[in-house]
Amino acid sequence: RGKGRGWPLPWNVGGLKARLMLLLAKLPWVRQKFARAWVFMDRDIDADDNAEHLYRWVRKHHPEVNAWFLLARNSHDWKRLSAEGFRIVEPGIRRKLLLLNSECILSSHPDYVFGGFERDLYGNSMNWRFVFLRHGVTKDDMSHRFNGLPFDLIVSSTPREHASTVDDDTPYTFTEREMCRSGFPRHYSFLAEASLVSGDEVNIVLVMPTWRGSLVDERSGDAGLQAFAESEYAQRWGALLRSERLRELIEREEMRLVFMPHPSTVSFLPVFDLPRHVEVLTKADIGIQQLFARSAIMITDFSSVAFEMAYLRRPVIYYHYDFAMFYGGDHNWREGYYDYSKDGFGPIAYELDQIVEQLGLFMGDRKTFTAAYLPRMIEAFPERDGKACERLFERIMKDSSSGRLCV
C-alpha cells in the first residue's frame, strides 16, 4: 500500500539509516503516542491556511482524533499556535517517527505527499493517505504538476474548479473517487470574522500581486537587486504604488493603501522606493483573513487570492499588463477554464491610468460597481454556510469506513 517502488533497502549508509529509523518508528511507546495520527500542514515557514483551520475544527469537534500540526520553530506562526495549544512538531527525528505512524497527511500544498522522505528508501513504509487541501482555487491548468502524484483525496471549492478536474476530456487524471467539493476549511469561520469588522473599518485598497518565476536567476546581492529593479514587474507595480493620482484618490476617500508583497518579493522591497502613505504588511504582521475582512477592493494580477474577495462579495481589479508572457512560459502556469473577461470579479486593466480610473468608479458608487460582478461571485461560491470542515470530515470518515482512506 506504500507510495514507493517496492525496492528492497540497499546496504549502504542511506539504507542503514532508513532501517534504524523504521526500527525506532516501531517501538511500542512511539507507536502508542502516534497511533492513527492525522498530520496537518500548511508550510514549514507559515500556517494560517486550510490545514491550520481544519486542525482547529477537528480538535474542537472531534478530540478523539490524534491530531498533530507540522511547523518550523522559526516560523512567525509558532508562538501564536503554541499559545493556542496546537500540538506542533518541528522538523527532526520526532516528526519522522510521527509520519511513519500516521494514517493521514492533510496539507494545503502537495510538497509533503511523500512526507519529506526519499521514496527509494521509505516508499514501502509510506502507508498514510494524503488529503490535498489546496492553497487556493485552481483556476489554471495545473495537470502537469498534479497528475501522477498519489493524492488520495483532493478538496475543491467552486463548482467549475471541481468540474474542470473530473469532467470528461479534462487534462487531469483524477475522478470523483479522489475529489471532494467540500469548500475550503479556512472559510468555515470567514464570514463570521468579517461580520465583526465595522463598515468604517472596511477601508483598505489592497495591492497583492503574485510572483513571476523568471524574476529569479543566479545573481544575488546588489546584482540581484538591480536585475529585479530593471524588470517590468518591479517597474509596473512600483509605479502603481508611487502614483500621485492614486495617493490623492486614497486620501480623498480617507482609505488606506496596503501592499502585501508575495513572500518571494519581500527581500526586494527596497527596490520599490515606497512612499510613506503605502503600508506594507506581510503574513507576519497580520492574519490573512483579518486583512481581507478590512479590504474594500483588491488590485491583483493572476493570484487566486481574488477568490477570497469574491467569497466576501467584494470586487477586484486585475492588472494584466503581461498576460501573454505570464501564460506563455514566464511562469509555471497554463491557461485553464477560467476566463478573466467572463469570469473575473472585476474589470481588467492593462495600464496604470485604467486602474486609477476603475478605482475612482468604485469609490464613486461601491454598490453599483460591485453589483456588476456579483453574479460571478455567487456562481463561484453558491454555498457560504461555514460547513466546509464538516463536509470534508464526513467524506474522510466515509472513505475510511470503505477502506480507502485513513484506515
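1. Glu84 is partly exposed, with a relative accessible area of 41% (buried means under 20% relative accessible area, exposed over 50%, and partly exposed in between, with a 1.4 Å probe and protein chains only). This is a predicted model, in which local features need pLDDT of at least 70 and side-chain atom pairs count only at pLDDT 80 or more, while totals for chains, interfaces and linings use all residues. Residues are numbered from 1 along each chain as its sequence is written, and side-chain values use heavy atoms, with hydrogens and water left out.

2. Glu84 forms a salt bridge with Arg56, the closest N and O atoms being 2.5 Å apart, where a salt bridge is a side-chain nitrogen of Lys or Arg within 4 Å of a carboxyl oxygen of Asp or Glu. Because Arg56 lies in helix α3 (residues 50–61) and Glu84 in helix α4 (residues 78–84), the pair ties together parts that are 28 residues apart in sequence; helices here are DSSP runs of H or I with at least four residues, and strands are runs of E with at least two, numbered from the N terminus. Both residues belong to a network of salt bridges that links Glu52, Arg56, Asp77, Arg80 and Glu84.

3. The count comes to 26 salt bridges by this rule. Among them is the pair of Arg391 and Asp385, at 2.8 Å from N to O, in which Arg391 is partly exposed at 28% relative accessibility and Asp385 is partly exposed at 39%. Another joins Glu253 and Arg252 at 3.8 Å, N to O; here Glu253 is partly exposed at 32%, whereas Arg252 is exposed at 58%.

4. A patch of negative charge on the surface gathers Asp167, Asp168, Asp169 and Glu176, patches of this kind being made of residues with over 30% relative accessible area and no salt bridge, with like charges joined within 9 Å. Of these residues, Asp168 lies in the loop between α8 (159–166) and β7 (179–180), and Asp168 is exposed, with a relative accessible area of 73%.

5. How many disulfides does the rule give? The count comes to zero disulfides, a disulfide being a pair of cysteine sulfur atoms within 2.5 Å. The sulfur of Cys180 is 11 Å from the closest cysteine sulfur, that of Cys389, and is therefore too far away for a bond. As for accessibility, Cys180 counts as buried at 6%, and Cys389 is buried as well, with a relative accessible area of 0%.

Note on methods
Patches are made of residues with over 30% relative accessible area and no salt bridge: like charges are joined within 9 Å, nonpolar side chains (Val, Leu, Ile, Met, Phe, Trp, Tyr) within 5 Å. Accessible areas come from the Shrake-Rupley method with a 1.4 Å probe; for residues, only the protein chains shown count as cover. Lys and Arg count as positive and Asp and Glu as negative; His and the chain ends are not counted. The place of a charge is taken as NZ of Lys, CZ of Arg, CG of Asp or CD of Glu.
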